[in-house]
Amino acid sequence: MASSAMVTANQLIIMAELKLFRTWSSRFALRVVWALDLKGIQYDTIFEDLSNKSSLLLQYNPIYKKVPVLVHNGKPLLESLVILEYIDETWKQTPLLPEDPSERATARFWAKFGDDKVLPSIWNVFIKQGKDQEEAIVTAQENLGFVERQLTGKKFFNGETIGLVDLAFGWLANLLSVWEEVCGATLIDHEKFPLLLEWIQNFADAPIIKERWPPRDKLITKYQAHHEVYTSKGAPK
Amino acid sequence: MFGMRVRIALAEKGIKYEYKEEDLKNKSPLLLEMNPIKKQIPVLIHNGKPVCESLIIVQYIDEVWNDKSPLLPSDPYQRAQARFWADFVDKKVFGDAQKVCSTKGEEQEAGKKEFLETLKTLEVELGDKPYFGGETFGYVDLSFITFYSWFHAYEVLGNINIEAECPKIIAWAKRCMQKEAVAKTLPDQKKVYEEHVARLRKMFVSE
């Protein structure tokens, strides 16, 4: 975390009231935690129980009723990738996006691809069985192949330092192995995805990032329960 | 619909460009080279480099040609709001509208209800402002207006009356249509409906 000497008077004013609504396990809220921590920004955390949402959360996010919600001086910000861009525009230290518009567009593309295609295709592997799972694995690995190639010649998706795309793909560094363990499928191996595995190592162990991983044993328990629901007879698709 | 967003943005800023129509059943090698992952339009190629995904392209255009007609607000919080609502349009309007157009019976009834609820949510967000962006046409307006050419199709196929349910949305759409950039880009509603029906007929005939 940044020492108080690094925090200017201006930043103190901007920081005045910053609250993050999250859950202990939300992979989307974790992106916001990392972004704020990387920039050395102080904030209050409100942990939500999604089975019993607080009236404040519902007031701030009536449309989706989800975490994360970042409230800055009383004004709510929703959707993790939107929040990350807001944080990057408001606090300029440790930039998450490059300055060049073409590179910014590329970063936005990969963050969106991760959420729209990679994550759902891997979740599909987790919730399916038998032949359906085999087909799901093919699609997931195809998507992961695109991601693997993006890492060519780079330590992080952002280059030498962690950026928005790395934070967006953060869930690959912890949840993927949890889901693989729970459902018994292996999606990435050293032969086909050496760069991705290296990125996972680098990202997981990076300073600040590594302070915030939710406990693995708790995640295993949580997703074992999910898995039972999805794979029992008559489970929702 | 998505390609139109880019064309409106380019027109708003008076940017000259070369337009290449794609046949999505027979995609050109250039398209596949420039968008190998999604293999979709729109793709903007600027100085040889591709930019993909309509809203990402619009943001790119706004950042590169930042000297006139800004599409996104300059204040970070307003920008976040704009990005949120454009994302809402992407997530909700397209999916809901598809259910109205291509399902029947109970599924369609549920789809219609959701679609109208989505439009009403947008209507609340619009409030009494002339545009979603406030006094001027902006990012959210652009992201949503391209669906307007499909409204007639939604009304016929879904047996709904959008103006009766969401009068402010229709008023807003007509206001947008007075802008040259929008009017020149959006196809005629009746034509869109007729082409859609013709496509459906072709599909059934070929089965």
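This is a predicted model: local features need pLDDT of at least 70, side-chain atom pairs count only at pLDDT 80 or more; totals for chains, interfaces and linings use all residues.
A polar contact is a pair of N or O atoms within 3.5 Å; within protein, one of the two must be able to donate a hydrogen and the other to accept it, and residues adjacent in sequence count only if both atoms are side-chain atoms. By this criterion, eight residue pairs, with both members at pLDDT 80 or more, are in polar contact across the interface of domain 1 of chain A and domain 2 of chain A.

The domain assignment divides chain A into domain 1 (9-90) and domain 2 (101-232). The centres of these two domains, taken over C-alpha atoms, are separated by 23 Å. Contact between them involves 16 residues of domain 1 of chain A and 23 residues of domain 2 of chain A. The area buried between the two domains is about 1,800 Å², with carbon and sulfur atoms giving 66% of this value. Within the area that domain 1 of chain A buries against domain 2 of chain A, 40% is supplied by Trp24(A), Arg27(A) and Trp34(A), more than by any other three residues.

Three salt bridges are counted between domain 1 of chain A and domain 2 of chain A. Glu85(A) also forms a salt bridge with Arg108(A), in which the closest N and O atoms are 2.8 Å apart. On the side of domain 1 of chain A that touches domain 2 of chain A, helix 2 (27-38) and helix 4 of chain A each supply at least two residues. The largest share, nine residues, comes from helix 2 of chain A. By class, the residues on this side of domain 1 comprise ten nonpolar, one polar and five charged.

Between the chains, 23 residues of chain A are in contact with 24 residues of chain B. The two chains bury about 2,300 Å² between them, and 68% of this area lies on carbon and sulfur atoms. Of the area that chain A buries against chain B, Tyr64(A), Arg108(A) and Phe109(A) supply 23%, more than any other three residues. Seven salt bridges are found across the interface of chain A and chain B. Arg108(A) forms a salt bridge with Glu63(B), the closest N and O atoms being 3.1 Å apart. Seven residue pairs, both members at pLDDT 80 or more, are in polar contact between chain A and chain B.

The side of chain A that touches chain B draws at least two residues from each of strand 4 (75-78), helix 4 (80-90) and helix 5 (101-127) of chain A. Helix 5 of chain A provides the largest share, ten residues. This side of chain A contains 13 nonpolar, two polar and eight charged residues.

Backbone geometry was also examined. Most residues other than glycine have a negative phi, and most peptide bonds are trans. In chain A, the peptide bond from Val67(A) to Pro68(A) is cis, with omega near 0 degrees; Pro68(A) lies in the loop between helix 3 (55-60) and strand 3 (69-72) of chain A.

Positive phi values occur at Glu53(B), near 80 degrees, and at Ser69(B), about 45 degrees; neither residue is a glycine. Glu53(B) is situated in the loop between strand 2 (49-52) and helix 3 (54-64) of chain B. Because its relative accessibility is 14%, Glu53(B) counts as buried. Ser69(B) is found in the loop between helix 3 and helix 4 (76-102) of chain B, and with a relative accessibility of 28%, Ser69(B) counts as partly exposed.

Technical notes. Residues are numbered from 1 along each chain as its sequence is written. Chains are lettered from A and ligands numbered from 1 in the order in which they are written. Side-chain values use heavy atoms; hydrogens and water are left out. Contact means heavy atoms within 4.5 Å. Buried area is the accessible area (1.4 Å probe) that two parts lose on being put together, summed over both. A salt bridge is a side-chain nitrogen of Lys or Arg within 4 Å of a carboxyl oxygen of Asp or Glu. Helices (H or I, at least four residues) and strands (E, at least two) are DSSP runs, numbered from the N terminus. Ala, Val, Leu, Ile, Met, Phe, Trp, Tyr, Cys and Pro count as nonpolar, Asp, Glu, Lys and Arg as charged, and the others, Gly among them, as polar. Domain bounds come from an automatic or database domain assignment. Buried means under 20% relative accessible area, exposed over 50%, partly exposed in between (1.4 Å probe, protein chains only).
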